[in-house]
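Please read it alongside the sequence and the structure shown below.

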Amino acid sequence: ECGSTFGTFLKERQRDIACKCGHRIDLTAPLARYRFTCPYCEKDTWGQTNLEDPEITLRCRCGMDVGVMWVPKAKEYSELNAVGRM
């Protein structure tokens, strides 16, 4: 509801999660996969998101932001500079 975005690592399956504003975010809705290799630290990162924009920015564990875009053929978000290689 507040429009903020955040990432978290869930050790166990959860049905929802609380935002800092107090709103509960439903995690039972379909989630989109993402996968990227950080261009700064070269760490391979993957996970799931409830974002639905054509291009999104995700934060790597090294603290740098990495742009990814939806790749319909792969049915996942992938790093912008790797899209041409698919």
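Two strands pair if DSSP finds at least two bridges between them. The model discussed here is predicted. In the hairpin formed by β3 and β4, six residues lie between the strands, and Glu 42 adopts a positive phi near 65°.

**Sheet architecture**

- Five strands make up an open sheet of mixed pairing, in the order β4-β3-β7-β6-β5.
- From one strand to the next, the twist averages 30°.
- The pairing of β3 with β4 is antiparallel and extends over six bridges.
- Within the sheet, Tyr 34 is placed opposite Gly 47 of β4.
- By contrast, β3 and β7 run parallel and are joined by three bridges.
- Arg 33 has Glu 76 of β7 as its bridge partner.

**The two faces of β3**

- Side chains alternate along β3: Ala 32, Tyr 34 and Phe 36 are directed to one face and are buried.

**Nonpolar core**

- The largest nonpolar core comprises 10 residues: Ala 32, Tyr 34, Phe 36, Cys 38, Ile 56, Leu 58, Cys 60, Val 66, Val 68 and Tyr 77.
- At least two residues of this core come from each of β3 (32–37), β5 (55–59) and β6 (65–71).
- The strand that gives the most to this core is β3, with three residues.
- Leaving out residues up to four places away in sequence, Leu 58 touches Tyr 34, Phe 36, Met 64, Asp 65, Val 66 and Val 68.
- As a general matter, nonpolar side chains in soluble globular proteins tend to be buried together.

**Salt bridges**

- Four salt bridges are present in the structure.
- One of them brings together the side chains of Arg 33 and Glu 76, at 3.6 Å from N to O.
- This pair links distant parts of the chain, since Arg 33 belongs to strand β3 and Glu 76 to strand β7, 43 residues apart.
- Glu 76 also forms a salt bridge with Arg 35, in which the closest N and O atoms are 2.6 Å apart.
- Because Glu 76 lies in strand β7 and Arg 35 in strand β3, this pair ties together parts that are 41 residues apart in sequence.
- Glu 76 counts as buried, because its relative accessibility of 5% falls under the 20% cut-off.
- Asp 65 and Arg 59 form a further salt bridge, with their closest N and O atoms 2.9 Å apart.
- In that pair, Asp 65 is partly exposed at 39% relative accessibility, whereas Arg 59 is exposed at 57%.
- Salt bridges with shared partners join Arg 33, Arg 35 and Glu 76 into one network.

**Glu 79**

- Glu 79 is located in strand β7 (residues 76–79).
- Its relative accessible area of 11% is under the 20% cut-off, so Glu 79 is classed as buried.
- A polar atom of the Glu 79 side chain lies 2.9 Å from the backbone nitrogen of Thr 37.
- Apart from neighbours within four places in sequence, Glu 79 is in contact with Arg 35, Phe 36, Thr 37, Gly 67 and Val 68.

Methods
Residues numbered from 1 in each chain as written. Predicted model: local features only at pLDDT ≥ 70, side-chain atom pairs only at ≥ 80, totals over all residues. Heavy atoms only, no water. Core = buried A, V, L, I, M, F, W, Y, C linked by side-chain atoms within 4.5 Å. Buried < 20%, exposed > 50% of the residue type's maximum accessible area, 1.4 Å probe, protein only. Helix = DSSP H or I, 4+ residues; strand = E, 2+ residues; numbered from the N terminus. Contact = heavy atoms within 4.5 Å. Polar contact = N/O pair within 3.5 Å; in protein donor to acceptor, adjacent residues only side chain to side chain. Axes fitted to C-alpha atoms, helices over the stretch in contact; angles between N-to-C directions.
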